[in-house]
Amino acid sequence: MIQKLAYVHYPHGPKSSRLATMPFSLNTVVALGKAGWLVDLYLWEKPSPEYGRLLPENVKVHHLIDSPLTRANFLAKAWLEFSFRQKKDYACVFALGQIGSYIGGLIAESSQCPFVYLNDEFPSHWADPTWGLLEQQAVAQANLIIVPDAQRAAPLYQELGLPLTQPYAILPNISMVDSLDSSINWHDRLQLPSDAKPFLYAGTVSSEMQVDQLIASVPQWVEPAVLIVNGRSERDTNAFRQQYPDRLDRNRVIWNHQPLAIELLNSLVAYCEGNFALYQNTGSNIEYVGFSSGKLMRSLACGCPVIATRLSSLAFVEEYQLGVLIHDASDIPAAVNKLTVNREEYRRRCLDFCKNHASFEHHWQIFCHKFKAITNIDLAR
């Protein structure tokens with residue numbers, strides 16, 4: 001039996017959706033490698049030493065660069081077909097992303113092997129007619145589709161024009177936090193006031209992510225609560241900070257400009273009193289975010305309660321008492337005040353929820369069972 005798999009990680013925005021920051025995709029690659037498969041990982045990123053720590057040795061990374069040639073719609077299809085049509089001899093192909101789905105379909109056709117498609121973004125989110133059509137054509141041939149949350153399956157299938165009978169499985173977008181570095185004193189490292197109770201915003205720093213409204217709410221927070229802003233990009237974080245100087249209080253809004261390695265980010269999340277997961281509901285992709293919210297699921301995995309936007313797909317936050325859901329920024333001060341009480345109870349409930357309801361290992365076993373029933377290939381071995 002062929003022992004080699006292909007894995008294509010090509011999200012719509014590869015620079016902002018790196019594999020290391022997407023547990024939905026990273027966990028799958030790691031699980032395949034740990035099961036003993038030889039994995040050719042096609043990755044549209046510059047080389048990074050962190051993958052030496054994150055990936056098993058039998059995962060071979062092929063770094064590819066996103067260039068104007070491969071991004072121009074009128075050239076990309078032909079270029080990618082030329083580059084990947086000849087790749088074969090795989091037992092199975094996994095692919096993530098609109099462009100990734102097209103590449104995965106090419107490799108699966110050449111290898112005459114099963115094809116698994118991972119989707120974390122609805123086609124309507126990108127509104128790209130060229131790649132949207134190619135995605136539809138590619139995933140129609142998929143043996144199994146993976147989504148981060150069951151709530152996303154029906155609306156996704158409707159957008160892709162797929163029958164509801166096409167099999168799908170669930171793999172939550174949850175960080176695998178094996179251990180946390182509790183030795184770091186983040187008060188000292190970030191020069192926080194000694195009595196500060198830190199709350200964290202980590203992610204893209206922009207008005208679209210409601211960061212300006214979040215910062216504007218800080219003066220109404222109960223003292224000594226403070227806000228830490230940890231941006232993905234030093235350049236974007238600095239640009240935002242300069243744009244809103246009148247809303248910044250150095251004693252209550254603390255900026256960490258340098259993006260953190262995954263281990264450090266997990267440590268910081270676990271250290272904080274609460275973590276923000278704010279969204280503008282722009283359509284189905286956000287309305288059904290659920291377990292695909294990386295910042296929310298990372299927070300729970302680190303035992304940190306969340307303050308999140310009130311969306312139907314996030315109702316579990318209130319149901320299991322994992323934090324507070326808010327209508328808008330005016331609700332933030334009261335939510336902050338609520339989370340400063342009974343921090344250890346929130347931590348226990350967050351960790352229990354991840355173990356009993358959002359476990360990647362549990363859902364991975366279910367996926368492998370479904371896949372074997374369809375293809376007769378045992379991915380778990």
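The expected span of a helix is 1.5 Å times one less than its number of residues. In this predicted model, that rule can be applied at the opening stop of the tour.

Select residues 360-375, which form helix 18. Its 16 residues should span 22 Å at 1.5 Å a residue, and the C-alpha atoms at its ends are 22 Å apart, so expectation and model agree.

Next, display the side chains of Phe360, His363, Trp364, Phe367, Cys368, Phe371 and Thr375, the buried residues of helix 18. They lie on the same side of helix 18, because the arc they cover around the axis is only 140 degrees. Turn to the face directed away from this buried side, where the exposed residues His369 and Ala373 are found.

Then step just beyond helix 18 to asparagine 376, whose phi is positive, at about 70 degrees.

The last selection concerns the cysteines. How many disulfides does a search of the whole structure find? The search finds zero. Cysteine 113 is in no disulfide, and the nearest cysteine sulfur, 5.8 Å away, belongs to cysteine 92; a disulfide would require the two sulfur atoms to be within 2.5 Å. Cysteine 368 is likewise in no disulfide, with the sulfur of cysteine 92 as its nearest cysteine sulfur at 10 Å. Are these two residues, cysteine 113 and cysteine 368, buried or exposed? Cysteine 113 counts as buried because its relative accessibility is 13%, below the 20% limit. Cysteine 368, at 3% relative accessibility, also counts as buried.

Key: Residues are numbered from 1 along each chain as its sequence is written. This is a predicted model: local features need pLDDT of at least 70, side-chain atom pairs count only at pLDDT 80 or more; totals for chains, interfaces and linings use all residues. Side-chain values use heavy atoms; hydrogens and water are left out. Buried means under 20% relative accessible area, exposed over 50%, partly exposed in between (1.4 Å probe, protein chains only). Helices (H or I, at least four residues) and strands (E, at least two) are DSSP runs, numbered from the N terminus. The arc is that of the directions from the helix axis to the C-beta atoms.
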